[in-house]
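I have a new structure open today and want to get to know it.

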Amino acid sequence: MRCYLFTSSCSLAAIIAVVAILGHGVTVAGNETAVINVGVYYESLCGDSMRFIKNQLVPSYDTLKDYISITFVPYGKASHTKDVGSNEWKFSCQHGSAECDGNMAQACGIHAIQNEEQAEKVQQLTVALVGCAMASRYPPSSVPGCANDVGLSEKTRKSIDSCIAGSLSKELLVANGEKTKELDPKLSFVPTITINGVTSSEIQSQALTNFLKLICDTLPKESKPSRCSNA
């Protein structure tokens, strides 16, 4: 099933700011290697999202890890509103409430890794966690188990559990929704992949069929991993 997208408190503002900062490309300090920012806008129960992460992103990660900075944004075709009476966030997701739960759980995992793990391990562990969850039999409930399987620290695992059980999971999903709405052009397909903040039909097509080649073609000639010659 194709996954098409709609166009559309202080703590929440801070979360949105962090998500926005993580979306900008960087250059490795003290190194001339170019780093390409890759945005992955996806849904936890979207088949195309699962296939991209399992078949394209994860297999090429070891080759590309020094050349890409990945921002995962689990939200997709969701919408969110705040209930006036309870003052709580309410969500609707393309594949039902279970997908909302999965999106929130992955957002919690991403957030916990960024805050609890060593900086040099953050991207590797995030890719491992998301890759594990999206390759599992049922992504919405897989994050706690995957957190253990990929070797996250006890502190990080406890942070994930606390996030999932509390209001932070909802605040994180709202922040992802706001980031998703900022994309220009508006998203029309899930997953949507951005390269340095830009997406197009050409980027989409190549990302979903040969992500390694897409990155290799985007990197400067003098800054490519050796495997690019066979991409």
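**Notebook: surface, fold and ring pairs**

I began with the surface: the chain exposes about 11,100 Å², and carbon and sulfur atoms supply 50% of it. A reminder to myself: this is a predicted model.

Next I asked how much of the chain counts as buried. I found that 46% of the 231 residues do.

Then I went through the fold. I noted eight helices and five strands. Along the sequence I read the pattern α-β-α-β-β-β-α-α-α-α-α-β-α.

After that I looked for aromatic rings that pair up. How many aromatic pairs are there? The count comes to two.

I took Tyr42 and Phe72 to start with. Their ring centres are 6.0 Å apart and their planes stand at 80°, so I wrote the pair down as edge-to-face, since the angle is over 60 degrees. I placed Tyr42 in strand β1 (residues 36–42) and Phe72 in strand β2 (residues 68–74), so this pair links distant parts of the chain, 30 residues apart. Both Tyr42 and Phe72 are buried.

I then turned to Phe52 and Phe211. This aromatic pair is edge-to-face too, with 5.6 Å from centre to centre and 85° between the planes.

Terms used: Residues numbered from 1 in each chain as written. Predicted model: local features only at pLDDT ≥ 70, side-chain atom pairs only at ≥ 80, totals over all residues. Heavy atoms only, no water. Helix = DSSP H or I, 4+ residues; strand = E, 2+ residues; numbered from the N terminus. Buried < 20%, exposed > 50% of the residue type's maximum accessible area, 1.4 Å probe, protein only. Areas by Shrake-Rupley, 256 points an atom, 1.4 Å probe, with all protein chains shown as cover. Phe/Tyr/Trp six-rings, centres within 6.5 Å; stacked < 30°, edge-to-face > 60°.
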